Amino acid sequence: AATNVPQAAITAGEVTESNVSFTVTPNSNVTSWKYMLLPASEEAPADAAAFDTRATTVEGSEEKVLTLDKDADGTALVAGTEYTLYVLAINTVGEVDVTSISSASATPMYDTYYAAYEAGMDITIAGKTYSETVFGAGQLISATSEDIDLSTYISGKDNAILFLEQSGEHKFYINANTAISGNIALISNVSENPATFNQDGKYIAIRSGSLAFKDIVIERGTSATYLTNNNSATATADAILFDGCQFKEMKNPIFAISGNSTSMAIKNIGIVNSSIELTGTSNIQFFNLGACTALNTVEKITFENNIVYSSSGNASNQIPCQIFSYNNNTAQSDGNTTISVCNNTFYNVPGQNGYIRFYHVNEMKMQNNIFYSTQTSGSQASYCFASFSESQSADAVVVSENIAYGLPGNWTIAINSSSNMSTVIPNPNNIAKSDTDPLAVKDTESGTFTQASGFENYGAQR
């Protein structure tokens, strides 16, 4: 093996809205090195000749910290754009250069979401883009000396993009059931210091428009009912979205259909990158559309990269949950709904009546999930989905590459409870159980769950 090969390790460091930093650590074989910072979208240098006049040369093999505010072409860095630092490590032996290329990437970013938004950057919440151009100026609200009631900030507004920051024990809340008809987004100003929204028995009625939460701790409270509904709705809601949120002590639905608005649903439902702690005693339906007659207007349901866990389940009784449910005796029309339930960790929360209970899907994927139970007695089984349309295509439903572990009964793919289901019942209809524990850490106190070796690509990616 060659002993004179030069190499340089690169570690990305701190960023601001206008610069990026890297630590370059050459090995002892390096006599000099060159570097170029390029937009990540630009083609990578393929060889030493590509390190042309744009490259900067550094002599020796001393470790060096680079703080850069321009790329190799001299263009100022743009916040939100990814850049890659390429380093050509050189060992000059006589008249021959031995070289190697290494790289690392970083993205200049603002310290707060509010600063980024006001500077014209888009903010994405569960796939939906929020920009100042479309939704108007944002508003920074601070709960630093007292708890803040958000009712007046969201009720009757066409658009309200609210950036929340807090200190100490102060939180945000609504002092009464509050109706919205516009596009409302509640965003923690600094994701590392998430704001807390305490529901405690009050709900938000979505009469039209959309509601989104990003990086918010949602305390359901001891007297909590559903978090949202569509009481007296005037239109189908555009979206209900959660991204990077923490649901604490959840006992009741996130959304429940109102009896006076069953002809209207939700176009876009999304929960991603979140954790959901269940503490109820019976089946908890996240989105309960009950007797809704308009499931064909639901365009998309996304449930990805979440941890759902019970902090109160025991060996003989565990809290079942459903991501989406409705009363399957309600007449429906076929729609073009797409559903994705991928890379989630379900811990001690079996799908007693199907994690997804829907009428007709155009496409549904349930892949790379970890279904886990410590229950050792009883006959509890779990079901992935149920579909009740006579024209439901089996080809539209993909439940594969999942890991199942534990549970007295089976982890079953489809509920065979209707003659209409015969077209989508697979054979075999069970997910094979793993003999190996897929989780190395299972901490319901902190909500921390990490995969065991060999299972890194399954479950929530943290």
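The legends below describe an overall view and several close-up views of one predicted protein model.

**Figure 1. Overall view of the predicted protein.** The C-alpha trace spans about 80 × 55 × 40 Å along its principal axes, and the secondary structure comes to three helices and 40 strands, where helices (H or I, at least four residues) and strands (E, at least two) are DSSP runs numbered from the N terminus. Of the 462 residues, 51% count as buried; buried means under 20% relative accessible area, exposed over 50%, and partly exposed in between, with a 1.4 Å probe and protein chains only. Among the contacts (heavy atoms within 4.5 Å) with a separation of 6 or more, 75% are made by residues 24 or more positions apart.

Figure 2. The structure holds one cavity of 30 Å³ or more, and about 30 Å³ of space lies in the largest cavity. A cavity is a set of points on a 1 Å grid over the protein atoms alone where a 1.4 Å probe fits but cannot get out, and lining residues have an atom within 4 Å of a point; grid points are joined across faces, edges and corners, and the volume is the space filled by probe spheres set on the points. The lining is formed by Ile356, Phe358, Val361, Met364, Phe385, Ala386, Ser387 and Val397. Two or more of these residues come from each of β32 (356–358), β33 (361–367) and β35 (382–387), and β35 gives the most, with three residues.

**Figure 3. Gln380 and the residues around it.** Gln380 is found in the loop between β34 (370–372) and β35, and this residue counts as buried because its relative accessibility is 15%. Leaving aside residues up to four places away in sequence, Gln380 touches Pro350, Gln352 and Gln375, and also Leu407, Pro408 and Gly409.

**Figure 4. Gly201 in its loop.** Gly201 is placed in the loop between β16 (195–198) and β17 (204–206), and it counts as partly exposed because its relative accessibility is 22%. Ile174 is 27 residues apart from Gly201 along the chain, and the C-alpha atoms of the two residues are separated by 9.6 Å.

**Notes to all figures.** Residues are numbered from 1 along each chain as its sequence is written, and side-chain values use heavy atoms, with hydrogens and water left out. In this predicted model, local features need pLDDT of at least 70 and side-chain atom pairs count only at pLDDT 80 or more, whereas totals for chains, interfaces and linings use all residues.

Terms used
On a 1 Å grid over the protein atoms alone, a cavity is a set of points where a 1.4 Å probe fits but cannot get out, and a pocket is an open set with protein on both sides within 12 Å along at least five of seven lines; lining residues have an atom within 4 Å of a point.
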